[in-house]
Amino acid sequence: MIAALSDRASGWMPRAPVLLALGALGALGLAVAGPVSEIRELGDGIAEARDRLARTRAATARPVPSTPFSGVDADAVSAAFRARIETAIAGRAVILEDVTVVPDPDQVRLPLLNAALRGTAEGLHGVLAELDGGLPRVRTETAEIAVASPADADEERPTLLRLSLTVRGLLAPADAPPRPETGR
């Protein structure tokens, strides 16, 4: 008890007005903290929106990729596809067996173009690399490889592979202006 009286006398024990002032200051801090945190959240949201806007602007600034195989009818689209593949297989151990156009009922103006190729692994790899990396760039829908004939060491014949390749074409109306080809 003497210790309690000596603490009060030395000023260690806060008085009621000081406690009230500290409580009011704490309440004021809590009242200000809510709007400050909301302002921070809004600032983060604005920064995210600016990032999205910058990405959208960059995407719209890029040139629109065109379909490299377009024409007014299936024969024109098929001829463009055949010419591109024949250019890619030039000088390689690859044979173009067939090119067909398959209408897509869901996307009438975007038919599927199928090519059947046969050749060595190196030759087919080169053709796919040329189609993917050359201009205009070809976007492959599907590519399936199977062994056409196994290697024969006695006859010194390499393994022949069969490649079935599917890409998209574009049927453009006859009165539409041609789209410029880009190599994106």
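The model described here is predicted. With a relative accessible area of 34%, aspartate 73 is partly exposed, because this value falls between the limits of 20% for buried and 50% for exposed residues. A polar atom of the aspartate 73 side chain lies 3.0 Å from the backbone nitrogen of alanine 76. Aspartate 73 and leucine 171 are 98 residues apart along the chain, and a distance of 6.0 Å separates their C-alpha atoms.

The protein contains four helices and six strands. Read from the N terminus, the order of these elements is α-α-β-α-β-β-α-β-β-β. Of the contacts between residues at least 6 apart in sequence, 64% join residues at least 24 apart.

In soluble globular proteins, nonpolar side chains tend to be buried together. The largest nonpolar core in this model comprises 20 residues, and Phe81 and Leu117 have the most contacts inside it. Two or more residues of this core come from each of H3, strand S2 (94-102), strand S3 (112-119), helix H4 (121-133) and strand S5 (160-168). The contribution of H3, five residues, is the highest. When residues up to four places away in sequence are not counted, leucine 117 touches Ile85, Ile89, Val94, Ile95, Leu96, Glu97, Leu124, Leu161, Arg162 and Leu163.

Over the whole protein, 20% of the 184 residues are buried.

Methods: Residues numbered from 1 in each chain as written. Predicted model: local features only at pLDDT ≥ 70, side-chain atom pairs only at ≥ 80, totals over all residues. Heavy atoms only, no water. Buried < 20%, exposed > 50% of the residue type's maximum accessible area, 1.4 Å probe, protein only. Polar contact = N/O pair within 3.5 Å; in protein donor to acceptor, adjacent residues only side chain to side chain. Core = buried A, V, L, I, M, F, W, Y, C linked by side-chain atoms within 4.5 Å. Contact = heavy atoms within 4.5 Å.
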